[in-house]
Amino acid sequence: MSEEIKVFDQADVEANKTLAILMVIFNILFFLPLVMEDKKDSAYLKFYANQALFMLLVNLIPGLGQTVALICLIILLIGIFNGSHMAIPVVGDKINIIK
């Protein structure tokens, strides 16, 4: 079984890294790539917006949700800083609400 490796355009990564970090830390900001006219075409931001939306939903689960969200936060921040496609384990690649 082979997995598709997604590579983001480095110009896209460098231009949007700060916003991606803010979306992952403050999950409620997941909608920003949808409303910011100059960010609507960013595959990098859309990917991390999907991850932030999932984290927002996970945070609603009492007790266990916050622990899982903290682990996911660390994984996603590593991916953002590397400019790579690092999804939340198990479900991160399967969630594509924001397209």
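Hi everyone, let's start with a handedness: helix 3 and helix 4 cross in a left-handed way, meaning that the near helix is turned anticlockwise from the far one by less than a right angle, with clockwise giving right-handed. Helices here are DSSP runs of H or I with at least four residues, strands are E runs of at least two, and numbering starts at the N terminus.

Before going further, a word on the model. It is predicted, so local features need pLDDT of at least 70 and side-chain atom pairs count only at pLDDT 80 or more, while totals for chains, interfaces and linings use all residues. Residues are numbered from 1 along each chain as its sequence is written, and side-chain values use heavy atoms, with hydrogens and water left out.

Back to that pair. Two packed helices are described by the angle between their axes and the distance between the axes. For helix 3, residues 43-59, and helix 4, residues 64-82, the axes come within 9 Å and cross at roughly 165°. Helix 3 is therefore roughly antiparallel to helix 4. The axes are lines fitted to C-alpha atoms, for helices over the stretch in contact, and angles run from 0 to 180 degrees between N-to-C directions. Under 35 degrees counts as roughly parallel, over 145 as roughly antiparallel, 65 to 115 as roughly perpendicular, and the rest as oblique.

Which residues make the contact? Helix 3 brings Tyr44, Tyr48, Gln51, Met55, Val58 and Asn59, and among those from helix 4 are Val68, Cys72, Leu73, Leu76 and Ile80. Contact means heavy atoms within 4.5 Å. By class, the residues are 10 nonpolar, five polar and no charged. Nonpolar covers Ala, Val, Leu, Ile, Met, Phe, Trp, Tyr, Cys and Pro; charged covers Asp, Glu, Lys and Arg; the others, Gly among them, are polar.

Now helix 1, residues 10-25. Its axis and that of helix 3 come within 9 Å and cross at roughly 10°, so helix 1 is roughly parallel to helix 3. The helix 1 side of the contact includes Asp12, Lys17, Met23 and Val24, and the helix 3 side includes Tyr44, Tyr48, Ala52 and Met55. This contact has 12 nonpolar, one polar and two charged residues.

What about the core? The largest nonpolar core has 28 residues, of which Val24, Tyr44, Tyr48, Met55 and Ile80 touch the most other members. Such a core is a set of buried Ala, Val, Leu, Ile, Met, Phe, Trp, Tyr and Cys residues joined through side-chain atoms within 4.5 Å. Helix 1, helix 3 and helix 4 each give two or more residues to this core, and helix 3 gives the most, with 10.

Let's zoom in on Val24, in helix 1. Is Val24 buried or exposed? Val24 is buried, at a relative accessible area of 0%; buried means under 20%, exposed over 50%, and partly exposed in between, using a 1.4 Å probe and protein chains only. Beyond its neighbours within four places in sequence, Val24 contacts Tyr48, Ala52, Met55, Leu73, Leu76, Leu77 and Ile80.

Lys39 sits in the loop between helix 2 (32-35) and helix 3, and Lys39 is also buried, with a relative accessible area of 14%. Not counting residues up to four places away in sequence, Lys39 touches Ala15, Asn16, Leu19, Pro33 and Leu45.

Finally, the whole chain: four helices and zero strands, with 44% of its 99 residues counting as buried.
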